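Have the model open while you read.

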Amino acid sequence: MKTKATYYHAGCPVCVDAENSLTGLLDPQKVDLEIVHLGEHSSRVEEAESTGVESVPALVLGDSVLHINFGAALADLK
């Protein structure tokens with residue numbers, strides 16, 4: 001069974017750099033990764049917030065929220 005992972009970002013340079021550095025480290029045999037650009041899919045901001053995301057970039061891996069650096073507060077994307 002694969003672990004569900006969602007990488008939320010806003011398209012800023014910090015987010016894109018983190019995406020390029022981090023997501024390639026995840027084993028696609030073990031992790032089902034979805035990348036969500038909240039600037040393009042603002043309807044998913046509430047979803048991210050409900051999982052515990054407070055800022056982007058962030059990786060939700062199973063039940064864990066990993067905040068990576070700081071690109072933007074989630075409140076700024078509403």
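This is a predicted model: local features need pLDDT of at least 70, side-chain atom pairs count only at pLDDT 80 or more; totals for chains, interfaces and linings use all residues.

What follows goes from the overall fold to one helix, one histidine and a set of charged side chains.

First, the ground rules. Residues are numbered from 1 along each chain as its sequence is written, and side-chain values use heavy atoms, with hydrogens and water left out.

**Overall fold**

The chain has two helices and four strands, in the order β-α-β-α-β-β from the N terminus. These elements are DSSP runs numbered from the N terminus: helices are H or I with at least four residues, strands are E with at least two. For 78 residues, a compact globule would have a radius of gyration near 12 Å, and the chain agrees with its 12 Å. That radius is taken over C-alpha atoms, and the globule rule is 2.2 Å times the number of residues to the power 0.38. Along the principal axes, the C-alpha atoms fill a box of roughly 35 × 25 × 20 Å.

Of the 78 residues, 36% count as buried; buried means under 20% relative accessible area, exposed over 50%, and partly exposed in between (1.4 Å probe, protein chains only). Among contacts (heavy atoms within 4.5 Å) with a separation of 6 or more, residues 24 or more positions apart account for 63%.

**Helix 1 and its cover**

Helix 1 spans residues 13-22, and its buried residues are Cys15, Ala18 and Glu19. Seen down the helix axis, they fall within an arc of 105 degrees, so they line one face; the arc is that of the directions from the axis to the C-beta atoms. The face turned away from the buried side carries exposed Pro13, Asp17 and Asn20. What covers the buried residues of helix 1 includes strand 1 (3-9), strand 2 (31-37), strand 3 (55-61) and strand 4 (64-73).

**His9**

His9 lies in strand 1 and is buried, at 5% relative accessible area. Leaving out residues up to four places away in sequence, His9 touches Cys15, Glu19, Ile35, Val36, His37, Leu38, Gly39 and Val56. The His9 side chain also reaches the backbone nitrogen of Gly11 at 3.0 Å.

**Salt bridges**

Side chains of opposite charge can pair when their charged atoms come close. How many salt bridges does the structure hold? There are three, with a salt bridge meaning a side-chain nitrogen of Lys or Arg within 4 Å of a carboxyl oxygen of Asp or Glu.

| Pair | N to O distance |
|---|---|
| Lys4 and Glu34 | 3.2 Å |
| Arg44 and Glu34 | 2.7 Å |
| Glu47 and Arg44 | 2.8 Å |

Lys4 is in strand 1 and Glu34 in strand 2, so their pair ties together parts 30 residues apart in sequence. Put together, Lys4, Glu34, Arg44 and Glu47 are linked in a network of salt bridges.

Notes: A polar contact is a pair of N or O atoms within 3.5 Å; within protein, one must be able to donate a hydrogen and the other to accept it, and residues adjacent in sequence count only if both atoms are side-chain atoms.
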